[in-house]
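This briefing concerns one structure, shown below. The points that follow are grouped by topic.

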Amino acid sequence: MSTTTIKPTTPTTRARGAAQPKRRSDYLSIVARYLVRILLVVMSIGVLYPLFWMFSSAFKTSAEIFADPWALPNAFSFENYVTAWNQGVVAYFANSLFITVISLAATLLLGAAAAYALTKLNLPFSKTVTFLILGGLMVSPTMILVPLFQLLQAVGLYNTHAGLIIVYVAYRLPFTIFLIRAYMLTLSDEVVEAARIDGANSVQIFLRVIIPLCKPVLASAGLVYVLFAWNEFPFALVFLNDTELKTLPVGLLDFKSTLQTDWSVLFAGLAIASLPMIVAFAIGQRYFIRGLSEGMGK
């Protein structure tokens with residue numbers, strides 16, 4: 001008869017067995033962390049290098065661009081920027097700035113008011129209205145170009161800044177309401193009730209209580225809207241015909257045909273057009289990320 005000896009499991013043996021999966025998990029987490037960092041570096045290069053190349057090409061001559069597109073400029077001169085500015089970029093810049101500022105104010109005001117009504121006021125059929133508004137998120141610009149063209153012509157707003165501003169506001173309102181509404185749902189109703197007890201009406205609560213509390217999401221919605229309005233192309237191309245009314249994206253298209261092969265001046269115009277958005281996002285990125293994370297998380 002043979003006997004089998006069973007060795008007792010000591011605490012040290014159990015600890016060694018538990019440590020192996022933990023070390024493997026730590027190793028995998030380190031590898032994953034470095035892979036994510038490498039991916040982020042590659043993505044950053046993919047975003048930043050085209051910007052660097054554009055700004056660098058704006059300091060070259062056309063001959064230098066075609067001779068060696070990837071080389072640095074031989075001399076840093078702002079002559080191309082001055083030429084682009086004088087060739088018409090200043091007018092396109094002013095048009096884009098005017099349309100963006102006016103439509104931004106209208107979009108944020110109407111979007112915040114609608115979100116406040118849908119979340120803090122006891123409106124009948126508020127959920128149905130919310131779904132109808134959010135249906136606007138599924139509308140593509142190309143789907144509504146022809147109807148809007150006919151409508152603007154019928155009401156006398158074709159080829160006017162006012163008509164384009166109305167189109168921008170109407171098109172971006174659904175997303176703005178969606179974003180601000182999601183943020184307002186996180187605000188306590190007790191704040192509103194306390195203001196009512198103090199004698200404030202709905203308008204006063206909206207302006208003095210809700211708006212200050214919604215600064216992060218308003219900054220996020222504002223930056224998203226500014227990026228849209230500043231770079232929007234199809235609506236501005238179709239609804240504006242006169243050269244003196246055109247915005248930067250459409251104006252730079254004419255700018256290219258006017259300049260023909262003077263690519264250095266065109267790159268200078270593109271650099272001028274991109275600078276406001278870079279500065280705006282650099283200033284408001286903290287509120288942008290906070291507003292989106294808190295708003296979309298609801």
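A residue counts as buried under 20% relative accessible area, as exposed over 50% and as partly exposed in between, with a 1.4 Å probe and protein chains only. The model is predicted, so local features need pLDDT of at least 70 and side-chain atom pairs count only at pLDDT 80 or more, whereas totals for chains, interfaces and linings use all residues. Residues are numbered from 1 along each chain as its sequence is written, and side-chain values use heavy atoms, with hydrogens and water left out. Helices (H or I, at least four residues) are DSSP runs numbered from the N terminus.

**Positive phi in loops**

- Most residues other than glycine have a negative phi.
- N159 has a positive phi, near 65 degrees, although the residue is not glycine.
- N159 is placed in the loop between helix 5 (141-155) and helix 6 (161-184), and its relative accessible area of 16% makes it buried.
- F125 likewise has a positive phi in a residue other than glycine, near 60 degrees.
- F125 is found in the loop between helix 3 (79-120) and helix 4 (126-134), and with a relative accessible area of 66% F125 is exposed.

**Aromatic pairs**

- Rings of Phe, Tyr and Trp (its six-membered ring) pair if their centres lie within 6.5 Å; planes under 30 degrees apart count as stacked, over 60 as edge-to-face and the rest as tilted.
- A search of the whole structure finds 18 aromatic pairs.
- One of the pairs is formed by F59 and F76, which are edge-to-face at 5.3 Å centre to centre with 65 degrees between the planes.
- This pair links distant parts of the chain, 17 residues apart: F59 is in the loop between helix 1 (11-57) and helix 2 (62-67), and F76 is in the loop between helix 2 and helix 3.
- F59 is buried, at a relative accessible area of 16%, whereas F76 is exposed, at 61%.
- F59 also forms an edge-to-face pair with F78, at 5.4 Å centre to centre and 80 degrees between the planes.
- Because F59 lies in the loop between helix 1 and helix 2 and F78 in the loop between helix 2 and helix 3, the pair ties together parts that are 19 residues apart in sequence.
- F78 is exposed, with a relative accessible area of 55%.
- Y168, Y171, Y225, F228, F235 and F239 form one aromatic cluster.

**Charges over rings**

- A charge sits over a ring if NZ of Lys or CZ of Arg is within 6 Å of the ring centre and within 35 degrees of the ring normal.
- R172 lies over the face of F228, 4.9 Å from the ring centre.
- The charged end of R37 sits over the ring of Y34, at 5.5 Å from its centre.

**Helix 4 against helix 6**

- Axes are lines fitted to C-alpha atoms, for helices over the stretch in contact, and angles run from 0 to 180 degrees between N-to-C directions.
- The axes of helix 4 and helix 6 come within 8 Å and cross at roughly 130 degrees.
- The two helices are therefore oblique to each other; angles under 35 degrees count as roughly parallel, over 145 as roughly antiparallel, 65 to 115 as roughly perpendicular and the rest as oblique.
- In contact (heavy atoms within 4.5 Å), T130, I133 and L134 of helix 4 meet P174, I177, F178 and R181 of helix 6.

**A buried threonine**

- T176 is placed in helix 6 and is buried, with a relative accessible area of 3%.
- Leaving aside residues up to four places away in sequence, T176 touches T107, L108, G111 and A221.
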